[in-house]
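Please read the points alongside the sequence and the coordinates.

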Amino acid sequence: MLRLAGLRASAGLAAAASAPAAPRPPGLRLRLLRAATMERPAAGEVNSHECESVLREDKVSGELETRTVDSLTDMPFATVDIQDDCGITAVPQTNLKRSKENEGIKNEHIKKRKKPSNDYQPNYFLSVPIINKKITAGIKVLQNMILQQDKRLAKAMVSDGSFHITLLVMQLLNEDEVNTGIDALLEMKPFIEEILQGRNLTLPFQGVDTFRSQVGFVKLADGDHVNTLTEIAETAQRIFQEKGILAGESRSFKPHLTFMKLSKAPVLRKQGVKKIERELYEQFINHRFGEEILYRVDLCSMLKKKQSNGYYHCEASIVVGKKPVGIQDLINEALHRERMKLKSKVKQIKELLLKPETQAMIRKELFEGRVLNDGNHTSDADSSMTLL
């Protein structure tokens, strides 16, 4: 009897499940769904209406989600990497299939972007060497005066032969990139010559200042030469970047001649030296160090071993002007020209003396002079005898 009742109940439930359900308003389906999640049927029982409501809600939700995703993918920002732009680290679980389908587009978008700033560590630079002895001698006097006040700063001083102006910094990671950098440097030459238009670029140095009291430098005096040098630096940056080289800095270009850096001696901070005091260089704040003429631009390494003269390892150079000369060089050049003129005249004289006709004329003149002298001596002797 019990078995028969159970079979009848099961048949009734199956019929109810297979029969089409009467349409219900959305509010009713939502209430049924909430009821299904809050009230669980007893063990062995099945609530067909609640199952149907859940299935229909899932279907409607899926359709709405699909329509929403399809509309978003048509928007222009659909492939933007929000995680990178907003710093989001969690990966959303919805729409995984569509994210995987767009993964190729996303990766291609990332490749086209520049490398993160954290990966950019310049190791090469374009240098304008400072070779005017008046300037370098003045810097040595400045350094010695600072060391007389604080000998601990010796390791922070820039060594002899390393004085320069930095036009551009860059990152070259391998030999191929170095060769690309050399090509870019060589391409700079006609552009710089066009900027200079046959004129020399004179760079006057006057005064001393610091960057945040951490880097001491000799200032480049104000004038039109600053604009010209800035134009050259911007041209260099454009040429290097067009070749795919990471080059340049976020800060604006400010040409300067560094003579000391606290970062060269980290031990100074432990010793209590945290900044370059103004009193150390106060006497040189308006000092005129001299003028440098732009003559050469070098591609130098920051990390490779320096040359024997103290200058940086140089991969390549271009000459962009006339070689600068000082007063002593001009004097030496004038003396050299005079010596060459004298040598030329002496050579002409020797060639003239070696000619037969010249030698014949010389012998004739010497012989005639001797005969004349002998004749004069004879007549003088006869006259003296007559007088006697």
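1. Strand β1 (residues 124-129) is largely enclosed by the rest of the structure, because six of its six residues are buried. Buried here means under 20% relative accessible area, exposed means over 50%, and partly exposed lies in between, with a 1.4 Å probe and protein chains only. Helices (H or I, at least four residues) and strands (E, at least two) are DSSP runs numbered from the N terminus. Y124, L126 and V128 point one way from β1, while F125, S127 and P129 point the other way, and all are buried.

2. This is a predicted model, in which local features need pLDDT of at least 70 and side-chain atom pairs count only at pLDDT 80 or more, whereas totals for chains, interfaces and linings use all residues. Residues are numbered from 1 along each chain as its sequence is written, and side-chain values use heavy atoms, with hydrogens and water left out.

3. Which strands pair with β1? Strand β2 (residues 164-171) pairs with β1 in the antiparallel sense over six bridges, and Y124 stands opposite M170 of β2. Strand β8 (residues 296-301) also pairs with β1 in the antiparallel sense, over four bridges; there, S127 has D298 as its bridge partner. Two strands are taken to pair if DSSP finds at least two bridges between them.

4. How many salt bridges does the structure hold? There are eight, a salt bridge being a side-chain nitrogen of Lys or Arg within 4 Å of a carboxyl oxygen of Asp or Glu. One of them joins D150 to R152, with the closest N and O atoms 3.0 Å apart. D150 is buried at 16% relative accessible area, whereas R152 is partly exposed at 40%.

5. Another salt bridge links the side chains of K189 and E193 (3.0 Å, N to O). Both residues lie in helix α8 (residues 175-196), four residues apart, about one turn of the helix. K189 is partly exposed at 30% relative accessibility, and E193 is partly exposed at 36%.

6. E249 and R251 also meet through their side chains in a salt bridge (3.2 Å, N to O). E249 is partly exposed, with a relative accessible area of 45%, while R251 is exposed at 53%.

7. A search of the whole structure finds zero disulfides, a disulfide being a pair of cysteine sulfur atoms within 2.5 Å. C300 is buried at 0% relative accessibility, whereas C314 is partly exposed at 25%.

8. I349, L353, I362 and L366 make a nonpolar surface patch of about 370 Å². Patches are made of residues with over 30% relative accessible area and no salt bridge, like charges being joined within 9 Å and nonpolar side chains (Val, Leu, Ile, Met, Phe, Trp, Tyr) within 5 Å. Accessible areas come from the Shrake-Rupley method with a 1.4 Å probe, and for residues only the protein chains shown count as cover. Helices α11 (327-353) and α12 (356-387) each supply at least two residues of the nonpolar patch. I362 lies in helix α12 and is partly exposed, with a relative accessible area of 36%.
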